[in-house]
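User: I want to learn how to read helix packing and a ligand site. Can you take me through both?

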Amino acid sequence: MRTPLVAGNWKMHKTPSEARVWFNEFLDELGAAPPGVEVALLPSHPLLPVAAEELAGSGVAFGAQDVSAHAWGAYTGEVSALQVADLGARYAVVGHSERRRYWREPSELVAAKADQALKAGLTPILCVGEPLEVREAGGAVAYVLDQLRRSLAGVEPGGPDRLVVAYEPVWAIGTGRTATPADAETMAAALREELAVRYGAGFAEGVRVLYGGSIKPENFAEILAGANVDGGLVGGASLEVASFLRLVLLAGGL
Ligand code: PGA
């Protein structure tokens, strides 16, 4: 049985003081998280120490939206996986489509980032997803599997709890358009099969595959119904406590 994961990607939103208020309100309203659901928040780097402080002892995890492909050194402006891990973070997103697109991050760089995350003790949340023209031309599965393969070149997670894969169709991110539950499930199943080829059947059985792209309380339950979809990577709907809390409860079957 895979524990569903609901992860909130705040992107470049909120100040440290706004984050502090959000965490407090969220923990107050959450009470005890529904059994069998893992919750993680992914705020931008300057908010991570606030997450570490406010979420300590709550069972709610946190992580970074990106880490450097280098372990340490003269890389001005970069943030290392070791720095993030030292704060008590559990996760690091790598290969988000906004980074692939605006910073032209190729899958080879994403693989190097995943490798650094693992070496620092973080679990990478590896994002893959196709642009609209690829989906319309019928090439989505082939495109995404190729992206997965290249983004995992040389990456050895060691166990299924040391990797999360998020399928995020580019055309669904922040657009209000979502993949159909059937398309999300088909892709999640294809990703799991590819992970079985890469790391073995036991690994693939245990690894979590998330969907992301315009998740909201109104569409999350039907997306989660897919047997291979193990939760969500949530952007916009994670910014408000009420909507994110609703998603967490839905993942717990409430
Ligand atoms: P969205 O973002 O939920 O706002 O579409 C998802 C993501 O980019 O992870």
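Analyst: Start with axes. A helix axis is a line fitted to C-alpha atoms over the stretch in contact, and the angle runs from 0 to 180 degrees between N-to-C directions. Keep in mind that this model is predicted.

User: At what angle do helix H1 and helix H2 pack, and how far apart are their axes?

Analyst: H1 covers residues 16-30 and H2 covers residues 48-55. They pack at about 25 degrees, and their axes lie 9 Å apart. Angles under 35 degrees count as roughly parallel, so H1 is roughly parallel to H2. Their crossing is right-handed.

User: How does H1 pack with helix H11?

Analyst: H11 spans residues 241-251. The angle between H1 and H11 is about 40 degrees, with the axes 10 Å apart. That makes H1 oblique to H11. H1 passes H11 in a right-handed crossing.

User: Which atoms lie by the ligand's oxygen atoms?

Analyst: A polar contact is a pair of N or O atoms within 3.5 Å. Lys11 places a polar side-chain atom 2.7 Å from a ligand oxygen. Gly174 has a backbone N or O atom 2.6 Å from a ligand oxygen. For Gly236, a backbone N or O atom lies 2.8 Å from a ligand oxygen. The protein covers 95% of the 280 Å² of accessible area that the ligand has on its own.

Technical notes
Residues numbered from 1 in each chain as written. Predicted model: local features only at pLDDT ≥ 70, side-chain atom pairs only at ≥ 80, totals over all residues. Heavy atoms only, no water. Polar contact = N/O pair within 3.5 Å; in protein donor to acceptor, adjacent residues only side chain to side chain. Areas by Shrake-Rupley, 256 points an atom, 1.4 Å probe, with all protein chains shown as cover. Helix = DSSP H or I, 4+ residues; strand = E, 2+ residues; numbered from the N terminus. Parallel < 35°, antiparallel > 145°, perpendicular 65-115°, else oblique. Left-handed = near helix turned anticlockwise from the far one by under 90°.
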